[in-house]
Structure formats: C-alpha cells, structure tokens
Amino acid sequence: MKLTFLGTSTSVGIPVIGCDCHICVSKNSRHHRMRSSIHLETPTHSLLVDSGPDLRQQALRHHLTKVDAVLYTHQHLDHIAGFDELRAFCWHREDPLPLYSTPSCLTEIERVYDWAFSKGNTYKGYIKPLSVPVTTSFNIGDLRITPIPVEHGSVETIGYRFDDDDSAIAYIPDAKLLKPGSAELLGNLDHLVIDCLRETEHPTHLSLNESLSIIADLEPKQAWLTHIAHEMDIIKVESRLPTNVQFAYDELILNTTNL
Ligand SMILES: [Zn+2]
Ligand SMILES: [Zn+2]
Ligand SMILES: [Zn+2]
C-alpha cells in the first residue's frame, strides 16, 4: 500500500487566517499545512480517510482523480466538510460511493448532508453515498482494515489500522487517549501516524509528550506526528525527537521503502 498525506494540520490549517505569529508568516513551506486527511492506494483500490474542507485543493495538488471509498474517523467539520467535493469522483460512477465509519459518525454525516441521502437525490453524477457502519475489522480488496477506538472529547472517534502482505500502518489523527483495548490492536506496526497538536496540553488532543509516550509504548518501526497546530515550531522541536519519530508533512508518502 502507498499512503500519501493530503494534509497534516489541525482544524484551522496553517497559516491561520489573520495570525502573524512566526510560523504563520514563515515563507518556509514546511510550516504550511492543509487540514488532516490521507490517500491510500492499493493495487486494486483508491481510498480517502476523511474529506476535510481542503479536499478540492488537495485532490488537484495530488492529481487525485479516483476514489473508491471514504473512511471517516469522526464527524468534526475539519474531517467531513469537503463532502460535496466528492462529486468529482462520482460524475461517471454507476455504483454508490461507500462511506465507512462508526454508526454515530455516519448518522451525523447523514444529518448534515441529508439531501445526498434522500430519495430526492436523483441528479445523475451527484454523490450517491452508501453508509457502511464498522465496528470490527473488515476488508477492502486485500487490505485488512481495523477501526481503533480512541478518546477525543465527547465525539466518538476512531483511527484505522491497515494491513497488507508487506506492511502495517495505523492512522490516528484526532485523539487524547487510546481507549482500553486499542493498544493491543496496534502491535507490530511499520508506521504509526498519530495526533500531536502542540507542546502544551489540550483537553481533546495529544500534546507532544503524550504522543511520545504512546509511541514509546507501542514501539512502531517509525512514527509520524500529524494534526499539527501553529503553536508547534517543528524546526525547533524535531532535533529533540527520538530517532524513530518525525513530523509528517503534506504530500509525504509512506510505504515500505521509507522505514
Ligand atoms: Zn481534526
Ligand atoms: Zn499563527
Ligand atoms: Zn476532531
């Protein structure tokens, strides 16, 4: 499988509108991030995890023209607000577009985008979504996908573990804690991608020390920090990271070759 980071920022993006902090005004492109989302490619399928508000620009930049399914982590708007952009992948699609997530997240997406799920949605080429609730592991083609329950404030939230014949990657963009039992689902990872908002603590997101402690417990071969806020000066912090931990960045590609 090949994973591409379409975006790696927290909900407001970086630069933040109207902010003149040294990160937001920096000309260094390493500080520029779109809202968190990934694209996963297998020999048979093209999958999105989340469809945030930057999906149009992300798809153009990444030359993304085909999406076979979308997997949602939770219904916060920085993860679902690009729903309407999914039209681009449905113009010529005959079958409905499967949307995988927890039952509660799908119920909320159905409420927010009710017209797409209504019987009145007969316009040819518009998204015909098909909700697929997930509570346990499932397959898309040969890719084994396991939902990973996490704590993230009051909203039921999951990450995902992806296993193919060559590698195992987990993607957990929004979390404050792993739920009981989740650490056991995250053994033997080649890549762990995990929330790391900033250095200071936050009520619903992992801060740097919390992320590093989870990484130390899980011992993935390589860990990548994502969902980053403008308070995080990655250039100052990266020299103190353990050797198997790095900041993710937009357009970074993970596969078995960069372990
Ligand atoms: Zn988020
Ligand atoms: Zn700023
Ligand atoms: Zn969130």
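**Figure 1. The whole chain at a glance.** With 259 residues, a compact globule would have a radius of gyration near 18 Å, and the protein agrees because its own value is 18 Å. That radius is taken over C-alpha atoms, and the globule rule is 2.2 Å times the number of residues to the power 0.38. What you see is a predicted model, in which local features need pLDDT of at least 70 and side-chain atom pairs count only at pLDDT 80 or more, while totals for chains, interfaces and linings use all residues. Residues are numbered from 1 along each chain as its sequence is written, and chains are lettered from A and ligands numbered from 1 in the order in which they are written. Along the principal axes, the C-alpha atoms fill a box of roughly 55 × 45 × 35 Å. The protein has 6 helices and 15 strands; these are DSSP runs numbered from the N terminus, with helices being H or I of at least four residues and strands E of at least two. Of the 259 residues, 40% count as buried. Here a residue is buried if 20 or more other C-beta atoms lie within 10 Å of its own, exposed if 12 or fewer, and partly exposed in between, with C-beta atoms placed from the backbone. Among contacts between residues at least 6 apart in sequence, 63% join residues at least 24 apart; a contact needs the two C-beta atoms, placed from the backbone, to lie within 7 Å.

**Figure 2. Strand 10 and its two partners.** Strand 9 (residues 157–163) runs antiparallel to strand 10 and is joined to it by 4 bridges; two strands pair if DSSP finds at least two bridges between them. Look for the hairpin of 4 residues that connects strand 9 to strand 10, and for Asp 163, whose bridge partner is Ala 168. Strand 12 (residues 191–195) is parallel to strand 10, again with 4 bridges, and Ile 194 in strand 12 is the bridge partner of Ile 172.

**Figure 3. The largest nonpolar core.** This core has 56 residues, and those with the most contacts inside it are Ile 169, Ala 170 and Ile 194. The largest share, 5 residues, comes from strand 10. A nonpolar core is a set of buried Ala, Val, Leu, Ile, Met, Phe, Trp, Tyr and Cys residues joined through C-beta atoms within 7 Å. Zooming in on Ile 169, its contacts beyond four places away in sequence are Met 1, Leu 3, Phe 162, Leu 189, Asp 190, His 191 and Leu 254.

Figure 4. In helix 5 (residues 208–218), Ser 211, Ile 214 and Ile 215 are buried. They sit on the same side of the helix because they cover an arc of only 100° around the axis, the arc being that of the directions from the helix axis to the C-beta atoms. These buried residues pack against strand 11 (177–178), strand 12, strand 13 (222–226) and strand 14 (245–247). The face turned away from the buried side carries the exposed residues Asn 209, Ser 213, Ala 216 and Asp 217. Just after helix 5, Glu 219 takes a positive phi of about 50°.

**Figure 5. A close look at Ile 215.** Ile 215 counts as buried because 22 other C-beta atoms lie within 10 Å. Beyond four places away in sequence, Ile 215 touches Leu 192, Ile 194, Pro 220, Ala 223 and Val 245. Leu 192 is 23 residues from Ile 215 in sequence, with 7.9 Å between their C-alpha atoms.

Figure 6. The buried residues of helix 3 (residues 103–112) are Cys 105, Leu 106 and Ile 109. They fall within an arc of 95° seen down the axis, so they line one face of the helix. Their cover includes helix 2 (77–80), strand 5 and strand 6, while Pro 103 and Arg 111 are exposed on the face turned away.
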